Amino acid sequence: IVGGSFAAIESQPWMAAIYRDRKFQCGGSLIAPCWVLTAAHCFHEQNEDPQHLFVHLGKTATNETDAKREQTFTVEKVILHHRFNISSSFDNDIALLKISGEDGKCAVKSASVRTVCLPPANTQLPVGFQCSIAGYGREKFSAWANSKHLKEAEVSLISRIDCTRESDYNLTNNMICAGSQDWTRDACKGDSGGPLVCDVSGRMFLFGVVSWGDGCAMKNKPGVYTKVSNYNRWITAETGLFKYTRG
Ligand code: 4AZ
């Protein structure tokens with residue numbers, strides 16, 4: 001995250017840190033005790049071996065373990081969206097991880113670990129709506145390494161017209177744009193897969209998954225996010241979750 005501020009995990013308790021072996025790979029969001037929603041481009045298409053993947057919840061610093069607040073999981077299943085296409089401008093950049101802890105248990109709710117709400121299908125917030133992004137990624141585009149601490153930043157939703165006005169972005173209907181008015185706050189490399197959450201009537205909803213952008217915090221180059229509310233049916237079909245919560 002460029003700009004914004006360091007945050008304790010308790011302010012983004014759905015935040016997941018995804019590792020491949022010992023190496024930090026991507027962010028993610030806990031949408032149910034056994035399920036993390038993230039970006040498809042974080043994984044090797046088709047042949048990702050879940051045995052190498054680990055998910056940490058409740059993590060504030062990536063270089064240390066706080067056993068009192070953290071929960072660690074292996075990955076049972078990696079589900080990439082079947083129409084994710086890395087060559088066609090990252091359309092359908094969304095993936096699900098089924099996580100499993102000791103003796104098959106999933107995430108346990110605490111001050112540092114909790115689920116985020118999914119927005120109702122096809123909901124859209126108005127342009128200019130303030131949301132927040134979080135991640136352990138780079139603090140500037142030219143940085144050598146990721147942040148050692150979780151960061152969060154406020155960004156606002158940008159219309160498709162404004163998003164493409166000064167950029168050569170090829171947006172699909174499955175993407176939303178967000179940025180800060182002065183272009184000082186943005187997601188960056190390493191934040192991929194992480195949350196764009198928006199407070200609607202006092203509840204936090206996961207409206208976006210960090211996906212791509214031209215550099216980080218560059219003028220007229222907003223961050224691009226997978227539009228989560230387009231995927232309610234896919235999430236239900238793949239997980240069996242939320243089956244009776246529509247309507
Ligand atoms: C990346 O390379 C990346 N500024 C993620 C987000 C953004 C740019 C790049 C958005 O993972």
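Is D66 buried, partly exposed or exposed? I looked up its relative accessibility in this predicted model and found 28%, so D66 counts as partly exposed.

**Entry 1: partners of D66.** I followed the side chain of D66 to that of R69, where the two meet in a salt bridge with an N to O distance of 3.0 Å. R69 is itself partly exposed, its relative accessible area being 27%. I then found R69 in a salt bridge with E10 as well, at 2.9 Å from N to O. E10 belongs to the loop between β1 (5–6) and β2 (15–20), and R69 to the loop between β5 (53–57) and β6 (71–80), so this pair ties together parts 59 residues apart in sequence. For E10 I noted 31% relative accessibility, which is again partly exposed.

**Entry 2: E139 and K151.** I next examined the salt bridge between E139 and K151, whose closest N and O atoms are 3.3 Å apart. E139 sits in the loop between β8 (130–135) and β9 (151–158), while K151 lies in strand β9, 12 residues apart. I recorded E139 as partly exposed at 35% relative accessibility, whereas K151 is buried at 4%. Returning to shared partners, I noted that E10, D66 and R69 are joined by salt bridges into one network. My search of the whole structure gave eight salt bridges.

**Entry 3: the largest pocket.** I read off about 640 Å³ of space in the largest pocket. It is lined by 29 residues, of which Q25, N146, C188, K189 and G190 are the closest to its centre. Strands β3 (23–32) and β12 (203–212) each give two or more residues to the lining, and β3 supplies the largest share, four residues. I classed the lining residues as 11 nonpolar, 12 polar and six charged.

Notes: Residues numbered from 1 in each chain as written. Predicted model: local features only at pLDDT ≥ 70, side-chain atom pairs only at ≥ 80, totals over all residues. Heavy atoms only, no water. 1 Å grid on protein atoms, 1.4 Å probe; cavity = no way out; pocket = protein on both sides within 12 Å on 5 of 7 lines; lining within 4 Å. Points joined across faces, edges and corners; volume = space filled by probe spheres on them. Nonpolar A, V, L, I, M, F, W, Y, C, P; charged D, E, K, R; others polar. Salt bridge = Lys/Arg side-chain N within 4 Å of Asp/Glu carboxyl O. Buried < 20%, exposed > 50% of the residue type's maximum accessible area, 1.4 Å probe, protein only.
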